[in-house]
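Biologist: Could you take me through how pockets and ring contacts are read from a set of coordinates?

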Amino acid sequence: MYLKNTWYVACTPDEIESKPLGRQICGERIAFFRSADNQVAAVEDFCPHRGAALSLGFVENGNLVCGYHGLVMGCDGKPVAMPMQRVGGFPCIKSFPVIEKYGFVWVWPGDAALADPALIPHLEWAVSEEWAYGGGMFHLNCDYRLMIDNLMDLTHETYVHPESIGQDEIDESPVNTRVEGDTVITSRFMDHIQAPPFLANAMRANGLDPDKPVDRWQISRFSPPSHILINVGVAYAGHGGFDADPSVKVSAVVVDFITPETENSHWYFWGMARHFKADDAALTERIRKNQGDIFAQDLDVLEAQQKNLARYPDRRLLMLNIDSGGVQARRMIDRMVQQEQRELV
């Protein structure tokens, strides 16, 4: 169950730098490539001649050439040429609205007439020199909503990531959930604790004493269709926590764009936007690698969870207070999908 009339992160620009990219998004098989003016194009990954995958072909003069029999397809999904053939009567294929912005390629897999570029969320950290960003992408064989659950309830950090971002105080601190319009927010604040290793290293990199007691915060914000931005950080204890002066804290936004592939698989674009030492490229790469190692630990958990849920579809799961963020996000998705489906009738 997923929305289709919305923008999803499809890929990063480097993935289509030298050749076409085939990727399934919300059940749609799409071929991404660059046109003659270096703009991103997206068409159905289906050659109308014999059904070959166009993404296995190549780009020539800004058109996509099928690697099976040489049918040339334009960015609008119309056949352009083919050796020894007249293509005027050839069927067209579907094209998709696509935009390159904020370091991502965004695609609208639904009704193209409804695609509004203004609906792409504004990402301040992507346009400000005060921020640095590094990230990556994983493919997971599980329902994308399991990843939403995972990110809206960070209690699991104590158990899945004990050597990096987990600590007992997470379990010992209450979680609060609220809904503001189309945003679900869960938050947890931990006062006068020791920073876990990952954040202690960030403090050290920012010239702060990692052994000093700190106030820690985690604020997860879900926005449909499946975007989650998490404000994280620590500040010297007693200096205002999240609102502390930058001289006594390290703060960042954990970036999570979750793009459904099928009902039981998804693409997970992750990263961290850092609001300190923005010009330190080596630090950005070190944090990116460490964050990737942390997130990789979630993969086995979520994929095994998916297998269990598929094996026992009738078992009821517990809904605790720590699950409220994911529950509210799912309710929002369900409501919007039902509305979208009613509008199609």
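Biologist: What volume does the second largest pocket have?

Modeller: Rolling a probe the size of a water molecule over the atoms shows where empty space is left. In this predicted model, the second largest pocket has a volume of about 520 Å³; a pocket is an open set of points, on a 1 Å grid over the protein atoms alone, where a 1.4 Å probe fits, with protein on both sides within 12 Å along at least five of seven lines, and lining residues have an atom within 4 Å of a point. The volume is the space filled by probe spheres set on the points, which are joined across faces, edges and corners.

Biologist: Which residues lie closest to the centre of the second largest pocket?

Modeller: Of its 23 lining residues, Leu3, Thr6, Pro224, Pro225 and Met336 are the closest to the centre. Residues are numbered from 1 along each chain as its sequence is written. Local features need pLDDT of at least 70 and side-chain atom pairs 80 or more, while totals for chains, interfaces and linings use all residues, and side-chain values use heavy atoms, without hydrogens and water.

Biologist: How is an aromatic pair described?

Modeller: A pair of aromatic rings is described by the distance of the centres and the angle of the planes. Tryptophan 217 and phenylalanine 242 are edge-to-face, at 5.8 Å centre to centre and 90° between the planes (ring centres within 6.5 Å, the six-membered ring for Trp, planes over 60 degrees apart).

Biologist: Is tryptophan 217 buried or exposed?

Modeller: Tryptophan 217 counts as buried because its relative accessibility is 1%, whereas phenylalanine 242, at 34%, is partly exposed (buried is under 20% relative accessible area, exposed over 50%, partly exposed in between, with a 1.4 Å probe and protein chains only).

Key. Rings of Phe, Tyr and Trp (its six-membered ring) pair if their centres lie within 6.5 Å; planes under 30 degrees apart count as stacked, over 60 as edge-to-face and the rest as tilted.
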